[in-house]
Number of protein chains: 4
Amino acid sequence: MRILLNPLDGMNLLSQNEVAKLQKSSNSPLYTLFRSCALAVLNVGHESDDLYNEFDDFDINLLSRERGLKIELINPPEAALVDGEIITGTQEHLQSVIRDILFNSSKYETTDFTNSVEVTNAIFDILRHANVILPTDLPNLVVCWGGHSIKENEYRYTKEIGYQLGLRGLNICTGCGPGAMKGPMKGAALGHAKQRIKNGRYLGLTEPSIIAAEAPNPIVNELVILPDIEKRLEAFVRVAHAIIIFPGGAGTAEELLYLLGIMLNPNNKSQVLPIVLTGPEESIAYFEEIAEFVESTLGKEARDLLKIMPNDPVRVAQFIKAKMVEVRDFRRSVGDAYQYNWTLSIDADFQHSFDPSHENMAALNLNLDQPKTLLAASLRKAFSGIVAGNIKEQGVLAVKQKGPFILTGDPSLMQKMDKLLMAFVEQGRMKMPGSKYEPCYQINIVS
Amino acid sequence: MRILLNPLDGMNLLSQNEVAKLQKSSNSPLYTLFRSCALAVLNVGHESDDLYNEFDDFDINLLSRERGLKIELINPPEAALVDGEIITGTQEHLQSVIRDILFNSSKYETTDFTNSVEVTNAIFDILRHANVILPTDLPNLVVCWGGHSIKENEYRYTKEIGYQLGLRGLNICTGCGPGAMKGPMKGAALGHAKQRIKNGRYLGLTEPSIIAAEAPNPIVNELVILPDIEKRLEAFVRVAHAIIIFPGGAGTAEELLYLLGIMLNPNNKSQVLPIVLTGPEESIAYFEEIAEFVESTLGKEARDLLKIMPNDPVRVAQFIKAKMVEVRDFRRSVGDAYQYNWTLSIDADFQHSFDPSHENMAALNLNLDQPKTLLAASLRKAFSGIVAGNIKEQGVLAVKQKGPFILTGDPSLMQKMDKLLMAFVEQGRMKMPGSKYEPCYQINIVS
Amino acid sequence: MRILLNPLDGMNLLSQNEVAKLQKSSNSPLYTLFRSCALAVLNVGHESDDLYNEFDDFDINLLSRERGLKIELINPPEAALVDGEIITGTQEHLQSVIRDILFNSSKYETTDFTNSVEVTNAIFDILRHANVILPTDLPNLVVCWGGHSIKENEYRYTKEIGYQLGLRGLNICTGCGPGAMKGPMKGAALGHAKQRIKNGRYLGLTEPSIIAAEAPNPIVNELVILPDIEKRLEAFVRVAHAIIIFPGGAGTAEELLYLLGIMLNPNNKSQVLPIVLTGPEESIAYFEEIAEFVESTLGKEARDLLKIMPNDPVRVAQFIKAKMVEVRDFRRSVGDAYQYNWTLSIDADFQHSFDPSHENMAALNLNLDQPKTLLAASLRKAFSGIVAGNIKEQGVLAVKQKGPFILTGDPSLMQKMDKLLMAFVEQGRMKMPGSKYEPCYQINIVS
Amino acid sequence: MRILLNPLDGMNLLSQNEVAKLQKSSNSPLYTLFRSCALAVLNVGHESDDLYNEFDDFDINLLSRERGLKIELINPPEAALVDGEIITGTQEHLQSVIRDILFNSSKYETTDFTNSVEVTNAIFDILRHANVILPTDLPNLVVCWGGHSIKENEYRYTKEIGYQLGLRGLNICTGCGPGAMKGPMKGAALGHAKQRIKNGRYLGLTEPSIIAAEAPNPIVNELVILPDIEKRLEAFVRVAHAIIIFPGGAGTAEELLYLLGIMLNPNNKSQVLPIVLTGPEESIAYFEEIAEFVESTLGKEARDLLKIMPNDPVRVAQFIKAKMVEVRDFRRSVGDAYQYNWTLSIDADFQHSFDPSHENMAALNLNLDQPKTLLAASLRKAFSGIVAGNIKEQGVLAVKQKGPFILTGDPSLMQKMDKLLMAFVEQGRMKMPGSKYEPCYQINIVS
């Protein structure tokens with residue numbers, strides 16, 4: 001089966017040079033990555049353990065026509081089609097893949113990504129090129145983090161939060177996978193519909209190594225694939241006007257530690273960025289565990305940045321809504337943009353790409369006698385490695401070959417990490433439901 | 001608690017005369033009806049057995065200001081509000097009540113409703129005034145009928161049908177209550193979202209005596225309250241480009257008999273109006289029962305008008321979509337409008353308001369030796385009376401006072417009716433779940 | 001040549017009843033009026049002394065199709081067509097004629113036009129039905145009055161005023177003929193274009209007896225044909241947020257006297273409605289003449305209502321723009337609409353249709369010993385009759401048959417009128433350029 | 001006087017890097033050019049011989065704010081303001097200057113402009129960045145060339161042509177100065193207004209050295225400043241769907257010769273690009289002179305590319321309109337874009353920037369024994385130099401210092417050029433009206 005697509009919107013106005021470059025890219029080493037991301041968005045909503053092999057006769061090509069670009073799909077997943085025609089929303093996601101994986105790959109070839117300012121500008125450029133930097137009068141974008149594998153009552157709770165936010169005209173940004181990344185968008189869509197808001201935003205930020213495992217859910221109407229995990233995290237915190245953290249596993253812990261590491265930077269002391277941890281009654285224990293871990297490792301200052309609001313979607317939404325005015329006033333007072341938080345300081349240590357090899361994981365400085373922001377950065381990396389070992393193709397392979405990652409450090413800290421991770425395992429937050437979790441890490445507690 | 005609303009859209013451009021008339025109407029005998037309909041749409045989504053008493057301190061007033069109209073709500077149900085402000089979609093429904101109950105009440109004072117042409121023109125006028133007669137290039141409005149009290153798997157099935165219709169760009173019109181009236185809209189909304197269709201239509205047609213029992217679900221984005229049940233039925237068949245019938249009870253049977261009675265009219269022989277009966281696998285028996293009843297009472301010609309397509313949402317949607325071209329071609333060939341089927345002949349017998357008193361019910365001609373269209377009209381009335389006895393305020397009261405309605409007629413016909421109604425009872429289709437059904441009718445089988 | 005038009009916009013959503021009524025109307029005694037108005041708007045921009053005979057093979061029919069209305073044109077003027085297709089703007093004007101002459105004719109059959117409230121409500125209804133009552137945040141509609149036959153430098157001046165108003169985002173309403181009715185619109189269109197205002201309004205208000213003589217210029221993008229001259233005048237003053245009066249002849253004098261008569265009504269004392277008389281340097285004498293006539297007949301209070309601002313378009317526009325805030329504040333303070341001045345009191349004497357027969361003209365009470373508002377009303381009628389005698393078909397005919405109208409009254413008043421009219425004649429303001437003026441009136445100065 | 005502007009549209013979404021670069025550019029050697037272009041567009045509509053000195057206290061600065069860019073104007077010309085606020089259309093033009101002079105200056109630093117493909121892609125990129133590459137279903141962009149200094153009847157004629165094109169839904173692209181560059185836009189604006197076309201396009205293509213002398217007229221609603229005259233010419237022919245040539249002088253001759261040189265390229269044999277020469281009756285002699293020159297120098301094949309249609313705006317517009325279908329069919333047949341003619345071959349000789357120094361002018365190969373396309377290229381350069389010597393700052397200065405340009409070549413060719421240029425002089429086409437022409441060239445006729 002062969003389908004030929006005419007690109008939507010701007011993509012039909014490429015120059016011949018650009019078409020040629022895209023075509024070349026699609027034949028390059030990038031191709032494997034490109035094909036698997038394309039497959040992930042085309043097969044949205046249909047679980048598959050092994051996309052790559054299940055659709056081994058799938059192929060995607062960009063055809064250069066003088067008149068512009070054509071996208072050729074060979075044997076695309078049924079999920080992408082209705083009566084032989086691609087679903088518009090799915091084509092939008094596919095074009096995001098072309099834009100962010102292929103088009104951008106050559107664009108930033110000469111960018112110096114060791115330069116912090118360049119990184120921040122490039123992220124802005126990527127987001128703007130994806131048309132997600134929109135002029136606004138009132139801040140309204142709520143970033144929601146949380147696990148892709150959560151319990152049914154937790155999922156319902158994330159929907160209810162999204163609904164209450166949507167009723168109040170707020171928009172949602174998530175990592176765009178299932179679970180806590182889908183619930184708030186689904187709820188907000190209903191809230192927006194009731195308020196007759198037609199331009200509600202469901203912004204998904206993802207990155208190449210995770211998109212296959214957490215394909216963008218169909219509600220996402222703006223999709224951006226950032227180059228790597230650190231740039232994705234920076235994009236989250238710079239576009240966020242508020243952040244809600246739902247129950248989750250290692251990935252959520254990584255996000256939280258990244259956020260705290262940045263907010264503890266003295267330059268960011270006056271920043272207004274509400275952080276709310278919320279979930280149903282049954283999740284209180286989870287949050288207390290997290291809060292205790294944060295306080296005992298990063299200190300009371302870090303703990304105080306977190307507002308825990310259990311089981312009250314209406315109050316959470318009212319709180320966030322009220323904060324939007326403060327966010328606006330702060331941005332205006334420092335002359336910052338509403339759509340992108342330029343003034344937030346992010347240390348290079350949080351920007352550089354961390355490669356979770358066994359060596360790098362083993363070498364992490366996990367001692368308490370270092371500045372809190374550095375400790376947060378190291379802890380963030382530790383959890384990032386665990387996420388990789390759990391679900392990312394390369395990480396999973398490395399663990400299979402060399403055994404679990406070894407984490408070594410201050411005994412009391414190691415014990416705390418161990419306890420937290422064990423709790424995640426027990427609560428089933430490390431893997432998709434139905435599978436047994438095989439730890440990809442080993443905590444060395446040397447007394 | 002007191003809330004003052006500025007009317008949305010056109011309603012802020014009333015003349016002083018019109019404001020005065022509205023205000024007078026709202027103090028008239030109409031007021032009780034108006035208040036209870038308003039209450040129903042304001043309390044949407046929240047079940048209440050006894051709206052009237054539960055919200056006895058609720059009041060609604062129209063205030064005349066030189067600058068226009070203000071709507072005053074005293075103690076409205078919480079369900080209508082977010083942080084003290086009315087939900088936009090709910091206000092739209094409320095304004096539909098003002099428009100259709102109050103504004104229209106004086107508009108048609110002089111209309112001769114015994115004149116068939118006048119009736120058809122008035123219904124058009126009501127629909128156009130409600131802004132639901134929209135220019136279209138391709139017919140796309142699918143009327144869905146079915147029970148408000150259906151089984152969970154049936155409900156899921158109606159959603160799936162709606163989803164498949166929505167994916168194909170089709171719009172939904174229902175009676176706008178729960179169950180089979182909500183599922184197709186919910187599904188279509190998701191399908192439209194995936195196809196990035198922003199102007200999807202979820203048209204609800206209701207009438208005053210039923211709105212309280214079947215409040216418009218929140219997805220409805222166009223709501224019209226026709227004056228009575230016969231005008232509502234005529235509105236359905238004149239705006240429909242296709243009709244899908246899901247499992248239901250007496251109400252659904254009424255709708256089906258009305259439809260068949262009209263389609264059997266020789267003038268309508270060439271009309272193109274696909275009628276599909278569909279449901280999950282488990283509902284096949286139900287449809288066979290219906291089909292058998294139809295065939296044995298109205299004949300094979302009637303039976304052949306019904307296309308039963310069990311358990312295949314994709315095929316149903318593809319079938320309907322394909323038929324839209326035929327509908328367009330037919331309308332064009334006879335010079336009829338796409339948005340309103342002027343050429344469909346509807347006999348006066350189907351237009352006149354039927355009052356289901358005990359006398360009228362007893363007097364129904366339920367014999368087989370009459371033209372099929374007349375028989376269909378009588379059967380339609382019989383089922384209409386049963387619906388009234390089941391859920392409409394006045395009907396329920398009458399049955400409580402005078403005992404069940406007595407239906408008399410041809411024995412073989414009476415047996416068939418009895419059998420069909422017993423099946424509805426057994427399948428729990430006569431009442432909302434959880435309550436035991438007490439028949440409001442008694443079939444006299446005189447041998 | 002035969003052209004068949006599909007109606008634009010709403011007119012394709014008529015009910016069958018409405019189509020039937022329209023068709024019947026177009027075959028009725030109204031037909032002659034309808035045909036000549038249609039001809040006038042179709043021949044726009046092309047002067048013709050004798051439209052009726054020049055296009056004697058022209059015909060217009062409304063064809064009833066089940067699917068709606070079709071407009072059939074037989075031998076329409078070339079001016080209406082481009083390559084055999086009607087110009088969209090011209091079709092809009094044509095549909096205004098159908099709507100206001102035919103559709104409305106039956107709509108107000110039962111309206112009691114002796115009832116002042118009914119008149120005001122009917123005018124609102126006509127304007128709203130024509131979609132010219134638009135919600136606004138800030139008043140911005142400037143009514144411009146002035147002669148259709150003005151000097152070249154005066155015309156350029158009206159364009160310059162329009163340009164300066166347009167640059168400031170103000171909209172224009174005129175009587176929609178040539179001269180001072182066209183200049184301000186043309187200028188405003190340029191000003192709007194420079195400010196990238198795409199929804200600039202060029203509202204033309206006219207009436208059947210004048211439309212042939214003063215066909216709507218092509219810039220008019222909203223056209224309403226009020227039933228008679230008095231309703232047109234009332235429409236002007238109720239939609240106006242400010243009024244500019246340019247040099248003109250008897251018609252302009254009529255408008256000014258109407259306006260003064262109303263503003264002198266004690267009920268209107270607090271009304272905020274700026275009235276500016278302006279023209280190029282050379283027109284100062286004209287305005288002084290007018291002002292003197294007003295002061296000596298209606299008194300200083302009347303004179304003080306007029307602000308004469310010679311030869312300074314920028315200052316005039318700045319003055320008007322600044323006044324808009326006052327107008328808004330006043331409307332808000334009394335709870336009146338921004339789009340229609342409901343609170344302005346208009347005495348029945350100004351609402352009743354005046355038939356300028358020789359008897360009625362002779363019977364006018366033109367004495368100074370009466371209340372100023374009554375005097376203004378009488379003077380208004382006198383000038384109205386002169387306009388009729390000058391350019392309206394019926395008036396011209398009557399004068400031809402019975403000689404000039406005789407006006408009798410207080411000698412000093414009569415002398416003033418004579419002087420004013422003589423000035424109009426001398427300045428060539430009574431007829432289109434190139435023709436010699438033959439007075440249609442005779443002033444009786446009985447000493 | 002100091003005015004601070006918030007950028008419109010996209011320009012408020014710049015990254016901090018971009019703002020910094022813009023600011024740096026505005027302090028660079030580019031500044032003088034930038035300031036004079038800014039001044040030209042701000043003083044639009046007001047002739048000034050010496051903008052630079054008349055507004056010597058004018059200054060423009062770009063202020064970097066974290067929140068984005070601010071544009072600071074010190075003592076801007078009155079013409080740009082209304083009540084102290086800049087006219088929106090003028091601000092759009094100003095932003096085009098910032099975008100094209102400053103923003104683009106660094107963008108193409110590394111582009112290899114000796115590479116023909118790169119040039120064509122860069123021009124596309126500049127136009128797309130200016131948002132003038134718009135998706136279209138039917139080709140509709142008519143490029144109009146002609147003199148900035150034309151006679152009154154010729155100007156009226158260009159307006160009439162524009163009007164007839166606008167009535168037929170066609171859009172206009174010109175060099176955006178006065179005369180034949182303004183008339184067609186003005187006429188089209190009226191035609192569009194009558195047809196209620198709200199998105200009519202009036203595209204102006206200019207270049208830095210000419211913008212001061214031919215400031216964009218206020219009707220231009222899309223303005224692009226190409227880097228130099230050759231890129232401007234390439235932009236014209238690649239966006240054109242048809243080209244109309246009005247009477248003009250040396251500049252128009254340059255454009256015509258450029259166009260013929262390209263169309264004579266054998267690769268372009270099958271191209272569909274109608275070229276119409278038109279003007280009022282009195283201009284026939286002019287066109288015959290041109291045609292004769294073309295035939296005797298470039299041959300009959302070149303002559304046959306020109307369609308001369310004197311004095312018939314309706315027929316011209318009908319002809320162009322009909323051709324649009326052929327243009328579309330051709331583009332579709334070769335798979336080319338509708339918005340940009342990628343398949344048109346343009347030799348490097350027509351792309352390279354020609355510097356009209358005395359040496360370069362003297363060195364031009366003006367002999368007949370060379371391929372026609374090369375001869376066309378040389379003749380194009382000769383006329384280009386004459387334009388520079390006539391009105392461009394640098395050229396005028398060079399001629400003042402070193403005397404007229406010397407042109408040498410084949411005697412018969414030289415005689416023909418001399419004759420043509422003399423005719424331009426006699427007809428007053430070389431300078432703005434009112435000034436006496438002092439030739440900037442000298443033709444050497446060596447026998």
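In chain A, strand β7 (residues 171-174) and strand β8 (residues 202-206) run parallel and are joined by 3 bridges; strands are counted as paired if DSSP finds at least two bridges between them. A:Thr174 has A:Gly204 in β8(A) as its bridge partner. Helices (H or I, at least four residues) and strands (E, at least two) are DSSP runs, numbered from the N terminus. The model is predicted, and local features need pLDDT of at least 70, side-chain atom pairs count only at pLDDT 80 or more, and totals for chains, interfaces and linings use all residues. Residues are numbered from 1 along each chain as its sequence is written, chains are lettered from A and ligands numbered from 1 in the order in which they are written, and side-chain values use heavy atoms, with hydrogens and water left out.

The open sheet of chain A has 7 strands in the order β9-β8-β7-β6-β10-β11-β12, with parallel pairing. Its edge strands, β9 (222-225) and β12 (307-308) of chain A, each pair on one side only. Helix α7 (residues 183-194) of chain A lies across β6 (141-145), β7 and β8 of chain A and runs at about 160° to β8(A); axes are lines fitted to C-alpha atoms, for helices over the stretch in contact, and angles run from 0 to 180 degrees between N-to-C directions.

An open sheet of 7 strands with the order β9-β8-β7-β6-β10-β11-β12 and parallel pairing is found in chain B. Because β9 (222-225) and β12 (307-308) of chain B each have a single partner strand, one side of each is left without a neighbour in the sheet. Within chain B, β10 (residues 242-245) and β11 (residues 275-277) pair in the parallel sense over 3 bridges, with B:Ile245 opposite B:Leu277 in β11(B).

Between chain A and chain D, 26 residues of chain A are in contact with 25 residues of chain D, contact meaning heavy atoms within 4.5 Å. The two chains bury about 2100 Å² between them, 48% of it on carbon and sulfur atoms; buried area is the accessible area (1.4 Å probe) that two parts lose on being put together, summed over both. The count between chain A and chain D is 2 salt bridges, defined as a side-chain nitrogen of Lys or Arg within 4 Å of a carboxyl oxygen of Asp or Glu. A:Arg128 and D:Glu18 meet through their side chains in a salt bridge (2.5 Å, N to O). The largest share of the side of chain A that touches chain D comes from α5(A), with 6 residues.

A:Arg128 is placed in helix α5 (residues 116-129) of chain A. Leaving aside neighbours within four places in sequence, the contacts of A:Arg128 are A:Ile133, D:Leu13, D:Leu14, D:Ser15 and D:Glu18.

Between chain A and chain B, 19 residues of chain A are in contact with 19 residues of chain B. About 1800 Å² is buried between chain A and chain B, 50% of it on carbon and sulfur atoms. These two chains have 4 salt bridges between them. A:Arg168 forms a salt bridge with B:Asp83, with the closest N and O atoms 2.6 Å apart. Helix α4 (residues 88-107) of chain A gives the most to the side of chain A that touches chain B, with 4 residues.

No contact joins chain A and chain C, and their closest C-alpha atoms lie 19 Å apart. Chain B and chain D do not touch, their nearest C-alpha atoms being 19 Å apart.
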